[in-house]
Amino acid sequence: MNSKNHYKIVILGGGPGGTACALALEQYQQKDILVLEAGNYSKFEIGENIPPHTRQIFNQLNIYQDFKREKHNPCYGSCSYWGDSKRGYNDTILSPHGHGWHLDRQKFNVFLANKVKEKGIEVMTNSTFKQVQSLANGGHELYYKTKTKKLNRITTDFV
């Protein structure tokens, strides 16, 4: 349940993109933000690799030291097939940024959501976006459903 009916900014999706957006906005003194997430961070997520230069992004978001404490496994490169029979390589051994990481995605998603909450930004889980309508004043009326299937309404200046 949301704690209020109007937010300056609503971010649809509480995955890495949405939570990183919230963390970046917070650095510009934006705290009146709601992150609306359909899930609850409890389901298994397919892992993936992130490249070494992600370290720079994490430093910009002031979360790198905390990310290191999460102890994701290092990734020094990968090989894959994308669209044809030729194998592609992505070697990071000589990267000036060090190694990348193999992510435990569920753990990573929870980590980012917790970082957002620590900054005083609301993360509403189990809330599925349904529709948005523009208001005459330039704002937006946003509708979402929770686990109870009840349609809820909030207003926001920016989605």
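**Start with the whole chain.** The model is predicted: local features need pLDDT of at least 70, side-chain atom pairs count only at pLDDT 80 or more, and totals for chains, interfaces and linings use all residues. Residues are numbered from 1 along each chain as its sequence is written, and side-chain values use heavy atoms, with hydrogens and water left out.

Show the cartoon. The chain has four helices and eleven strands. Both are DSSP runs numbered from the N terminus: helices are H or I, at least four residues, and strands are E, at least two. Along the principal axes, the C-alpha atoms fill a box of roughly 55 × 35 × 30 Å. Of the 159 residues, 35% are buried (under 20% relative accessible area; exposed is over 50%, partly exposed in between; 1.4 Å probe, protein chains only).

**Select 16-26 and 105-118.** These are helices α1 and α4, packed at an angle of about 25° with axes 9 Å apart. That makes α1 roughly parallel to α4 (angles under 35 degrees; over 145 is roughly antiparallel, 65 to 115 roughly perpendicular, the rest oblique). The axes are lines fitted to C-alpha atoms over the stretch in contact, and angles run from 0 to 180 degrees between N-to-C directions.

Show side chains. Pro16, Thr19, Ala22 and Leu23 of α1 meet α4 residues including Phe108, Leu112 and Val116; contact means heavy atoms within 4.5 Å.

Buried residues in α4 include Arg105, Asn109, Phe111 and Lys115. Step past the end: glycine 120 follows α4, with a positive phi near 85°.

**Select glutamate 26.** Glutamate 26 lies in α1. At 13% relative accessibility, it counts as buried. Not counting residues up to four places away in sequence, glutamate 26 touches Lys31, Lys119 and Ile121.

**Finish at lysine 8.** Look in strand β1, residues 6-12. Lysine 8 has 38% relative accessibility, so it counts as partly exposed. Leaving aside neighbours within four places in sequence, lysine 8 contacts Gln30, Asp32, Thr156, Asp157 and Phe158.
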